[in-house]
Amino acid sequence: MQPNLDSIGTLEKDFLLALEPGAKAEHPNSVCELSKRERREQHKIQLRKDEAYKTFAKLENFTNKLPFSKLPRKTLVIVNLGFGAVGGADTLQIESVFLKFKGFERVIMAHEFRGGDDAQIARDELHEKPCTQLNNKILFIEFVNHQDFAHLSDRVYNGSDKKLDMVPGLLYTDEFISADEEKQLLDIIGHESEDFDGTSWLTAQNRKIQHYKNSFDYKKKHVGDMSLVAHTEIPDLIQKLIERAKQAYGIVADIDQLTAQCYSPGTGISFHTDSHTAFNDPIIIISLLNPIVMEFRHPSTHSLVPIDLNPRSLVLLSKDARFGWEHGIRARKSDLIDKKIRPRTERWSLTLRSINKNVTCSCDYPALCDSNSLYVRAIRDSKNK
Ligand SMILES: O=C(O)CCC(=O)C(=O)O
Ligand SMILES: [Fe+2]
């Protein structure tokens, strides 16, 4: 089967063509020596493999190039396990698959050996074969360069970590709201309401979304019209929390846009910087119900700072963190915390923003600034008429 290259965008086509059955199948017997049944089996495995590699590329944002090496490296990844599709496996179970191999060092989502030769032996035995420790799941295993996976193995920081200083203007506060307020907020935004899965909720990247007072249009990446607003006013309790945040952080901006979002396991938000010309400084994010890892990424150095957002915490993005870094949440079913897989459960968030009425920006981050985009220039022109 020819993989559908169009549906995978800019993925490295050479690599995907190499996955074509028969072409470079990694089975010891050549295709013509296989029986009909064995060929059928091989074809089935290939279909699964195509799917797994495409899913992996999508979930891990490898849009230009899959980061796999044909030469032995000391680090292996299981393409179809542990990346957004953890299923029933936990760290210990995954570790048990590799423990018997010489030179195995540790599980870090990617699986690290002392050297490429040791990793090669493990791959030869496990790749494309059912794994008894994992309910006979067929594993697809590839060599990778460790640095491409550093973001998976690096520590996830918590709010008290000095490392957060790497993102100037990022402030994190645990327990900004009480458990009682959290419960009330969840009721107010209707996380259990009957129409939660119904039509009054918008969707973007599988997140459920409602806007209050002013909207955001995910297609235009800018302030949207009132047809996208679910509630014309910001609820009283949230106004109270805005006042609390203003006092605590000396915020003067008029917070006049609220977005409530639900992240079911496996959903995320792509790396982005909130439109500079749509919203002012700062942006406030309150997390509810369950934790999730948010990552901050520098556009030129590609530094990644993953932080664990606890329920009831507040994140304040101002200055560089607001205008000069991107933030995002990977669309995974689990996060790796202290080398242990933590399955995700439903997480809610409230994003509070201040509409930029001038639709201009004069920041020092041209790469992330939309001030000169055609669309934004057209909005400014129509306002000035
Ligand atoms: O839900 C969150 O925690 C972040 C939301 C966000 O970044 C956004 O809506 O722009
Ligand atoms: Fe954002």
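This is a predicted model: local features need pLDDT of at least 70, side-chain atom pairs count only at pLDDT 80 or more; totals for chains, interfaces and linings use all residues.
Residues are numbered from 1 along each chain as its sequence is written, while chains are lettered from A and ligands numbered from 1 in the order in which they are written.

View 1. Helices (H or I, at least four residues) and strands (E, at least two) are DSSP runs, numbered from the N terminus. Of the 385 residues, 34% are buried. A residue is called buried if 20 or more other C-beta atoms lie within 10 Å of its own, exposed if 12 or fewer, and partly exposed in between, with C-beta atoms placed from the backbone. Two residues are in contact if their C-beta atoms, placed the same way, lie within 7 Å. Among contacts between residues at least 6 apart in sequence, 72% join residues at least 24 apart.

**View 2. Strand E19 (residues 314-317), covered on both faces.** In a regular strand the side chains alternate between the two faces of the sheet. Here Leu 314 and Leu 316 lie on one side and Val 315 and Leu 317 on the other, and all are buried.

**View 3. The largest nonpolar core, with 43 residues.** A nonpolar core is a set of buried Ala, Val, Leu, Ile, Met, Phe, Trp, Tyr and Cys residues joined through C-beta atoms within 7 Å. Ile 284, Ile 286, Leu 314 and Val 315 touch the most other members. Strand E16 (residues 283-288) gives the largest share of this core, 5 residues. Leaving aside residues up to four places away in sequence, Ile 286 touches Phe 176, Ile 177, Leu 314, Ser 349 and Leu 350. Apart from this core lies another, of 23 residues, among them Ala 52 and Val 144.

**View 4. The residues around ligand 1.** This shell holds Thr 259, Gln 261, Ile 269, Asp 274, Ile 285, His 327, Ser 349 and Thr 351; a residue is near the ligand if its C-beta atom, placed from the backbone, lies within 6 Å of it. Strand E14 (257-263) and strand E23 (347-353) each supply at least two of the shell residues. By type, the shell divides into 2 nonpolar, 5 polar and 1 charged. (Ala, Val, Leu, Ile, Met, Phe, Trp, Tyr, Cys and Pro count as nonpolar, Asp, Glu, Lys and Arg as charged, and the others, Gly among them, as polar.)

**View 5. Lys 333, in the loop between strand E20 (326-329) and strand E21 (334-337).** Lys 333 counts as partly exposed because it has 19 C-beta neighbours inside 10 Å.

**View 6. Asn 158, in the loop between helix H5 (150-153) and E8.** Asn 158 is partly exposed, with 17 other C-beta atoms within 10 Å.
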